[in-house]
Amino acid sequence: MKKLILLVLLFCPILIISQEVMTVDTTATRTINGTIDQMLKIVNGEPNKLRNWAAFRKLFLPSVRFTVVHDGSEKSFESANLEEMIEFMKDDYYDNGYKEISVHRKVDQYNGISQVWEVVKHIEPDGTEIMGLNSYQLIYSDQRWWISNLIWTTEVDGKPIPKKYLKN
């Protein structure tokens with residue numbers, strides 16, 4: 001028994017040190033684009049690779065809301081808090097590989113608040129590509145940017161992404 005305890009005490013630090021721990025790039029969160037890029041980096045995933053949800057949590061205010069707006073059906077939106085969003089993203093849809101690529105961003109900011117419109121291309125696990133529009137609200141606090149709200153929608157028949165969001 002003493003040998004087992006000794007082995008555990010000797011090898012536990014090695015196991016902890018050898019694990020890859022992804023953290024939020026604090027340099028990146030000093031800019032709006034860097035903060036959003038960090039979020040996309042974590043959301044995007046290869047099949048069967050785990051995302052670092054601890055790092056994901058550090059990008060958002062604890063009170064953040066995530067809202068998806070659908071095509072105008074009876075229930076036209078769904079909304080979630082941070083923990084609900086993380087649970088939502090722990091399913092086969094995301095585990096089978098998911099990519100969201102930024103196509104264009106329009107950033108407006110004043111006095112520690114920012115509104116960002118971002119056109120994205122979603123690449124579904126089956127390879128289908130869908131264009132979408134994300135709307136981020138961010139605040140500047142503690143020498144970095146925090147995402148306080150994220151709303152998104154995708155193109156639907158007859159409702160393409162407006163050209164004003166596609167311009168450079």
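## A partly exposed lysine and its partner

Lysine 121 is partly exposed, with a relative accessible area of 25%. In this report, buried means under 20% relative accessible area, exposed means over 50%, and partly exposed lies in between (1.4 Å probe, protein chains only). The model is predicted: local features need pLDDT of at least 70 and side-chain atom pairs count only at pLDDT 80 or more, while totals for chains, interfaces and linings use all residues. Residues are numbered from 1 along each chain as its sequence is written, and side-chain values use heavy atoms, with hydrogens and water left out.

Lysine 121 forms a salt bridge with glutamate 129, and their closest N and O atoms are 3.8 Å apart. A salt bridge is a side-chain nitrogen of Lys or Arg within 4 Å of a carboxyl oxygen of Asp or Glu. Glutamate 129 is exposed, its relative accessible area being 51%.

## Other salt bridges

The whole structure contains 6 salt bridges. In one of them, lysine 90 pairs with glutamate 87, with 3.3 Å between the closest N and O atoms. Lysine 90 is partly exposed, at a relative accessible area of 42%.

Arginine 105 forms a salt bridge with glutamate 118, where the closest N and O atoms are 2.7 Å apart. Arginine 105 lies in strand S3 (residues 99-110) and glutamate 118 in strand S4 (residues 113-123), so this pair ties together parts that are 13 residues apart in sequence. Both arginine 105 and glutamate 118 are buried. A network of salt bridges links Asp37, Arg105 and Glu118.

## Overall architecture

The protein has 5 helices and 6 strands. Helices (H or I, at least four residues) and strands (E, at least two) are DSSP runs, numbered from the N terminus. Along the sequence, the pattern is α-α-α-β-β-α-α-β-β-β-β.

The protein has 168 residues, of which 35% count as buried. A contact means heavy atoms within 4.5 Å. Among contacts between residues at least 6 apart in sequence, 49% join residues at least 24 apart.

## The nonpolar core

The largest nonpolar core has 26 residues, and those with the most contacts inside it are Met39, Phe56, Phe60, Phe66, Tyr136 and Leu138. Helices H2 (32-43), H3 (53-57) and H4 (82-88), together with strands S1 (60-69), S5 (129-141) and S6 (144-154), each supply at least two residues of this core. Helix H2 gives the most, with 6 residues. A nonpolar core is a set of buried Ala, Val, Leu, Ile, Met, Phe, Trp, Tyr and Cys residues joined through side-chain atoms within 4.5 Å.

Leaving aside residues up to four places away in sequence, leucine 138 touches several residues, including Ile32, Ile36, Val116, Trp145 and Ile147.

## The surface

The protein exposes about 11000 Å², and carbon and sulfur atoms supply 57% of this area. Accessible areas come from the Shrake-Rupley method with a 1.4 Å probe; for residues, only the protein chains shown count as cover.

Val69, Phe77 and Ile151 make a nonpolar surface patch of about 230 Å². Patches are made of residues with over 30% relative accessible area and no salt bridge: like charges are joined within 9 Å, and nonpolar side chains (Val, Leu, Ile, Met, Phe, Trp, Tyr) within 5 Å. Phenylalanine 77 is found in strand S2 (residues 77-80) and counts as partly exposed at 47% relative accessibility.

## The loop between S5 and S6

Most residues other than glycine have a negative phi. Aspartate 142, in the loop between S5 and S6, has a positive phi near 55°. Glutamine 143 lies in the loop between S5 and S6 and has a positive phi of about 60°. Aspartate 142 counts as exposed at 65% relative accessibility, and glutamine 143 counts as exposed at 63%.
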